[in-house]
Amino acid sequence: MTEHDHYELLQVSPSAEPETIHRVYRLLAQRYHPDNQQSGNVERFRILHEAYTVLSEPELRARYDIAYAESKQQRWRLAAAPTKIDNDYELEQFIRLTVLEVLCAQRRTEPSRPGVFFTDLEALTGQPREHLEFTIWYLAQKKFLHRGDSAQLTITVDGIDYLEQHYGSIQQRRLPTGVSAA
């Protein structure tokens, strides 16, 4: 994959429609075009154009999306699901901690872009949207996460504190039976 995240450069979600990508590109291209005396930037314009070229061509976008998904999976490296869950309540607690873990990792690794889109959260946690909706609602009500204007989910200070207090339990659940986390 290229060194730049084309979706981030164009400020769109990976699920954005081609029309949205085109509209956003036109706005950004006007802003960064070298002929713009106030905000023109040759390098930024070149990178934006490269991103648009890839995302506007269906075949190139499909190839890019495969590499993009693989790089996301490698980057996060979330541990596998727990080996022992006794009931639905324990599973929900595990999912909550996993969601907070993803959001905390995003905030730590990219402080300028601390949010995660719901669709990315689905892929990163391996949980379908229907199962995550209750979790997200609960975490938002507890003020452990915040849903921003762009619909991105961001962990709060309370969420980080909660994750740190309960992190041992998530690590212990991921270990096979009989193995200790020490």
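Biologist: Hi! Where is the place of Gln11?

Modeller: Gln11 sits in the loop between H1 and H2. Helices are DSSP runs of H or I with at least four residues, strands are runs of E with at least two, and both are numbered from the N terminus. Before we go on, this is a predicted model, in which local features need pLDDT of at least 70 and side-chain atom pairs count only at pLDDT 80 or more, while totals for chains, interfaces and linings use all residues. Residues are numbered from 1 along each chain as its sequence is written, and side-chain values use heavy atoms, with hydrogens and water left out.

Biologist: Thanks. Is Gln11 buried or exposed?

Modeller: Gln11 counts as exposed, at 54% relative accessibility. Buried here is under 20% relative accessible area, exposed is over 50%, and partly exposed lies in between, using a 1.4 Å probe on protein chains only. The backbone of Gln11 has a positive phi of about 55 degrees, although Gln11 is not a glycine.

Biologist: What is Gln11 in contact with, beyond its neighbours within four places in sequence?

Modeller: Leu28 and Arg44. Contact means heavy atoms within 4.5 Å.

Biologist: Let's zoom out. How many helices and strands are in the protein chain?

Modeller: Eight helices and two strands. Along the sequence the pattern is α-α-α-α-α-α-α-β-β-α. Of the 182 residues in the chain, 36% are buried. Among contacts with a separation of 6 or more, 59% join residues 24 or more positions apart.

Biologist: How do H6 and H7 meet, and at what angle do their axes cross?

Modeller: The axes of helix H6 (residues 118-125) and helix H7 (residues 129-141) come within 10 Å and cross at roughly 110 degrees. The axes are lines fitted to C-alpha atoms, over the stretch in contact for helices, and the angles run from 0 to 180 degrees between N-to-C directions. H6 and H7 are therefore roughly perpendicular to each other. By the cut-offs, under 35 degrees is roughly parallel, over 145 roughly antiparallel, 65 to 115 roughly perpendicular, and the rest oblique.

Biologist: Which residues meet there?

Modeller: From H6, Phe118, Leu121, Glu122 and Thr125 meet Arg129, Leu132, Glu133 and Ile136 in H7. The contact residues divide into four nonpolar, one polar and three charged.

Biologist: Which residues of H6 are buried?

Modeller: Phe118, Asp120, Leu121, Leu124 and Thr125. They cover an arc of only 155 degrees around the axis, so they lie on the same side of H6. That arc is taken from the directions from the helix axis to the C-beta atoms. Just after H6, Gly126 takes a positive phi of about 75 degrees.

Biologist: Changing topic: is Arg96 buried or exposed?

Modeller: Arg96 is buried, with a relative accessible area of 12%. Arg96 lies in helix H5 (residues 88-109) and, leaving aside neighbours within four places in sequence, contacts Phe134, Thr135, Tyr138 and Leu139.

Biologist: Last one. What does Asp158 touch, not counting residues up to four places away?

Modeller: Lys143 and Phe144. Asp158 lies in helix H8 (residues 157-174) and is partly exposed, at 43% relative accessible area. Lys143 is exposed at 56%, in the loop between H7 and strand S1 (145-147).

Note on methods:
Ala, Val, Leu, Ile, Met, Phe, Trp, Tyr, Cys and Pro count as nonpolar, Asp, Glu, Lys and Arg as charged, and the others, Gly among them, as polar.
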